Amino acid sequence: MKIITTKNYEQMSRQVANILSAQVILHPKSVLGLATGSTPVGVYKQLIHWYNKGDIDFSNVTTINLDEYCNLSPTHPQSYRYFMNDNFFNHINIDKSKTFVPNGMADDFVREAQNYDALIQQNGGIDMQLLGMGHNGHIGFNEPNEAFENTTHVVNLAPTTIQANQRFFENIDDVPKQAITMGIKAIMQAKKIILAVSGEEKADILYQSLYGPITPCIPASILQLHAGLTVVADEAAMRVINRRNSL
Ligand code: GLP
């Protein structure tokens, strides 16, 4: 595991964007695993900026997103498909038919989940997976559980996740209670993983994830087992790790 500490959110975004752009420049046909949430917004902004300067070409890139809310249409402003189009895809030269987000409106979620896993395999797996982390240590929407869920699946969102995501909706009742998420296996099979973390409120869970026991109660803790993990965290998110390591 490699940890890169940055001064603040802007620097974190820039470093993660640097790593992703190096991947795309070296391997133009890369399959990128992408994430939503507030954390990667700055990364996407930076990549768009470099794209506009002519530094990166996304025309041969494929993207596979981690997750989507159940029963939100792709045109709903809080759906993750809308988020990705709005924050990233609409501003770069990616072929939209090669950008994948689970279908939150599927009639049959079991089949949708199977198809999504098959899609990941058909594309040769993920070259570089970008991850954020929930306040309870979730990755994608893999919530704390009794066991790691390997495959793409429908999940009941934890009350703390619903509460955390309330800020994007008018009221808490509008927050979807279920989501469809890529499982731990596809994430762990990514050749490289970048975990981006910002803010003091994630400092404790980041410490537990990287230095505590590996347990499905903290899904991000499984990342300790990935040989190609790079954590890019700002000083605020690193506070507990740095304090413990200096004891
Ligand atoms: C959501 C997403 C995750 C993301 C998490 C953290 O639950 N499904 O992929 O990592 O939020 O979001 P934020 O970056 O806004 O803290």
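## Salt bridges and a helix pair

At 37% relative accessibility, arginine 239 counts as partly exposed. The model it belongs to is predicted. Its partner is glutamate 200, and the two side chains meet in a salt bridge, 2.9 Å from N to O. Arginine 239 lies in helix H8, while glutamate 200 sits in the loop between S9 and helix H7 (203-211), so the pair ties together parts that are 39 residues apart in sequence. Glutamate 200 is also partly exposed. Its relative accessible area is 45%.

How many salt bridges does the structure hold? There are three. The pair of arginine 239 and glutamate 200 is one of them.

Turn next to aspartate 127 and lysine 191. Their side chains form a salt bridge, with 2.9 Å from N to O. This pair links distant parts of the chain, 64 residues apart. Aspartate 127 is in the loop between helix H4 (109-122) and strand S6 (128-131). Lysine 191 is in the loop between helix H6 (184-189) and strand S9 (192-197). Is aspartate 127 buried or exposed? Aspartate 127 has 18% relative accessibility. The cut-off for buried is under 20%, so aspartate 127 counts as buried. Lysine 191 is partly exposed, at 49% relative accessible area.

Now find glutamate 235. It forms a salt bridge with lysine 7, and the closest N and O atoms are 3.6 Å apart. Lysine 7 reaches 62% relative accessibility. Exposed means over 50%, so lysine 7 counts as exposed.

Helix H2 covers residues 41-52, and helix H3 covers residues 80-87. They pack at an angle of about 35°. Their axes are 10 Å apart.

Which residues of H2 meet H3? They are Val41, Tyr44 and Ile48. On the H3 side, they meet Phe83, Met84 and Asn87.

Methods
Residues are numbered from 1 along each chain as its sequence is written. This is a predicted model: local features need pLDDT of at least 70, side-chain atom pairs count only at pLDDT 80 or more; totals for chains, interfaces and linings use all residues. Side-chain values use heavy atoms; hydrogens and water are left out. Axes are lines fitted to C-alpha atoms, for helices over the stretch in contact, and angles run from 0 to 180 degrees between N-to-C directions. Helices (H or I, at least four residues) and strands (E, at least two) are DSSP runs, numbered from the N terminus. Contact means heavy atoms within 4.5 Å. A salt bridge is a side-chain nitrogen of Lys or Arg within 4 Å of a carboxyl oxygen of Asp or Glu. Buried means under 20% relative accessible area, exposed over 50%, partly exposed in between (1.4 Å probe, protein chains only).
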